[in-house]
Amino acid sequence: MSNVIIETNKLTKTFGKKNVVDNVDLKVRQGEIYGFLGPNGAGKTTTIRMLLGLARPTKGSIHIFGKDIQQEKYSILKKVGSLVEYPSYYGHLNAYENLEAVRILLDAPKSKIDEVLSIVRLTKEAKRPVRGFSLGMKQRLGIATALLGNPELLILDEPTNGLDPSGIIEIRELIKSMPKEHGITIIISSHLLSEIDQMATQVGIISQGQMIFQDSLSKLRERSKSKIKLTVNRAESAWKTLLSHGYTTELMQKNLFINNDSDDQIAKIIKLLVQNDFSIYRAEEEKKSLEEIFLDLIGLEGGL
Amino acid sequence: MITRIMASEFLKIRRKMILFLIFLGPFGVIGLQAFNFGLRYDWLTKVHKDDLWGGLIGAVSMLSIPTLLMGVTIITSMIANIEHQTNAWKQLLALPISKKKVFTGKILLTVLLLFVSCLLLAVGTIVLGLLLKFGINIPLLYLIKMCFFPFLASMPLVALQIWLAITMKNQAVPLTIGIVGAILSLYSTNFPDWVPWKWPLLINDWGKPIYSVLVGLVTGLLLFFISVIDFNRKDVK
Ligand SMILES: Nc1ncnc2c1ncn2[C@@H]1O[C@H](COP(=O)(O)OP(=O)(O)OP(=O)(O)O)[C@@H](O)[C@H]1O
Ligand SMILES: [Mg+2]
């Protein structure tokens with residue numbers, strides 16, 4: 001098992017009486033791209049702020065690189081790059097000066113600026129005031145800033161928020177290339193599974209402050225229990241016939257849905273229907289998409 | 001570390017109106033007095049004939065004190081706004097630097113800039129006096145007192161304005177408080193001595209300007225201290 005980079009224990013943040021983050025145990029291992037998912041208001045940003053020492057946990061602990069954030073905040077933050085919510089920048093300065101303002105504080109070599117500018121492909125725009133940048137460019141500048149200190153861990157909060165499809169793809173490719181090329185661990189939040197399912201290796205799903213799923217993306221896929229959909233001529237009477245023989249099926253829009261548990265059972269059901277003179281037009285497998293599983297998960301917990 | 005913070009702060013005020021205002025304040029005051037003395041040269045030189053320089057310095061400081069207080073309000077708000085505008089606090093404070101040092105950097109920047117303003121005021125006064133042919137017998141000590149004492153005595157107001165401007169995203173509140181304070185201070189001659197808005201005028205029951213300076217410095221330092229702790233304790237917005 002590889003090294004644990006982030007580990008939280010019963011992490012909780014309370015605003016007023018509400019636990020906006022509620023006993024969250026987050027675990028991110030080295031080299032992972034960890035997708036941190038949840039609907040709007042789930043508590044992603046609040047969790048991330050606590051990871052960065054911007055907000056104090058009400059309860060619980062955070063260990064990053066095996067160190068407690070309360071005690072060794074600065075030695076942790078030295079190796080962390082971050083982008084929280086919408087990008088921060090100094091609009092009156094150009095991209096180069098924006099990076100310089102942070103570089104001075106990090107005491108990084110000057111050459112690093114050109115390097116990160118070229119990683120996010122802003123070299124040509126470096127001398128333009130950032131005020132005039134498009135949202136995608138500002139977002140890329142934010143990522144460049146996060147990379148200035150040679151981070152071992154990147155914490156990105158909705159880096160694709162508000163971007164158009166090509167901007168999203170661009171950021172996605174950029175992020176995907178990093179663990180490979182630079183050995184960085186990345187945690188990236190989003191409210192859309194589809195946005196991260198092409199880059200994340202692990203997912204954590206948070207809803208109403210609680211972590212409701214945390215495992216590999218393939219484990220999430222396994223959750224997609226498929227069903228067999230039968231289209232028959234007299235659906236309702238077929239449903240009754242099956243019921244009288246002890247088979248429970250679902251009747252929806254004149255289709256019968258059977259849990260895809262065993263091939264044997266499916267065979268028996270079809271045989272029974274044929275013997276009872278029903279015409280079977282179609283028998284097909286219906287699989288849920290990843291997005292549907294995600295919505296099911298947060299729907300269950302959130303009662304949306 | 002603090003030198004790197006300051007280098008970064010000075011980079012961030014590039015191309016901002018802040019530097020322009022730091023020059024505009026003293027030059028505005030000197031300009032107005034040049035106009036005043038130019039227009040009424042004969043009469044004013046007669047009124048102050050025993051102490052031409054003293055008359056000029058007094059006239060300058062009458063204008064410079066309210067200008068200083070307005071300047072404190074505007075400069076602190078502009079400095080805080082650099083970070084507020086795109087909420088750069090969350091980027092700045094997620095860097096491996098202590099929050100206390102970041103806040104101290106903002107205080108230092110404000111104090112340094114205002115110090116430059118006071119220095120320019122002193123230089124401007126000398127130039128104006130020489131142009132008005134008041135001779136070379138310049139009362140330097142008095143000049144320095146009148147240019148820097150009000151600034152030192154207004155440290156509590158500097159601290160208060162920085163604190164408000166940085167803590168509140170909406171700058172309407174610190175601006176209003178600062179402007180009301182500046183106006184209040186114009187009429188504070190008869191206020192009791194404990195009112196901080198009176199201290200920049202250097203008037204007190206003992207008739208010793210240095211008392212106003214000392215109490216201002218001590219209170220200012222105390223307020224800086226409290227505000228650093230408060231900033232450090234609060235979650236970043
Ligand atoms: N400073 C605060 N004071 C009070 N409530 C807050 C504060 N910050 C966040 N909240 C509340 O906490 C909840 C979680 O907010 P958070 O920003 O963490 O959600 P999120 O998962 O990042 O959502 P989004 O996808 O919209 O960014 C929200 O209901 C929000 O209103
Ligand atoms: Mg958020």
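So, helix α10, residues 263-275 of chain A, lies across β12, β14 and β15 of chain A. Its direction is at about 10° to β12(A). Keep in mind that this is a predicted model.

Now the sheet itself. It's an open one with 4 strands, in the order β13-β14-β12-β15 of chain A, and the pairing is antiparallel. At the edges you've got β13 (250-252) and β15 (280-286) of chain A; each has a single partner strand, so one side of each has no neighbour in the sheet. On average, neighbouring strands here are turned by 25° against each other, ignoring direction.

Take one pair: β12 (residues 227-232) and β14 (residues 255-259) of chain A run antiparallel to each other, over 5 bridges. A:Lys227, for instance, has A:Asn259 in β14(A) as its bridge partner. There's another helix packing on this sheet, α9 of chain A, residues 235-244, which touches β12, β13 and β14 of chain A. The direction of α9 makes about 35° with that of β14(A).

Over to ligand 1. Which residues surround it? Among them are A:Phe15, A:Lys18, A:Lys44 and A:Glu158. By class, the shell has 4 nonpolar, 5 polar and 3 charged residues. Some polar contacts: a polar side-chain atom of A:Thr46 lies 2.5 Å from an oxygen atom of the ligand, and a backbone N or O atom of A:Gly41 is 2.7 Å from a ligand oxygen atom. The protein covers 60% of the 640 Å² of accessible area that ligand 1 has on its own. And which element gives the most to the shell? That's α1(A), with 3 residues.

Technical notes. Residues numbered from 1 in each chain as written. Chains lettered and ligands numbered in written order. Predicted model: local features only at pLDDT ≥ 70, side-chain atom pairs only at ≥ 80, totals over all residues. Heavy atoms only, no water. Near = heavy atom within 4 Å. Polar contact = N/O pair within 3.5 Å; in protein donor to acceptor, adjacent residues only side chain to side chain. Areas by Shrake-Rupley, 256 points an atom, 1.4 Å probe, with all protein chains shown as cover. Helix = DSSP H or I, 4+ residues; strand = E, 2+ residues; numbered from the N terminus. Nonpolar A, V, L, I, M, F, W, Y, C, P; charged D, E, K, R; others polar. Pairing = 2+ DSSP bridges. Axes fitted to C-alpha atoms, helices over the stretch in contact; angles between N-to-C directions. Contact = heavy atoms within 4.5 Å.
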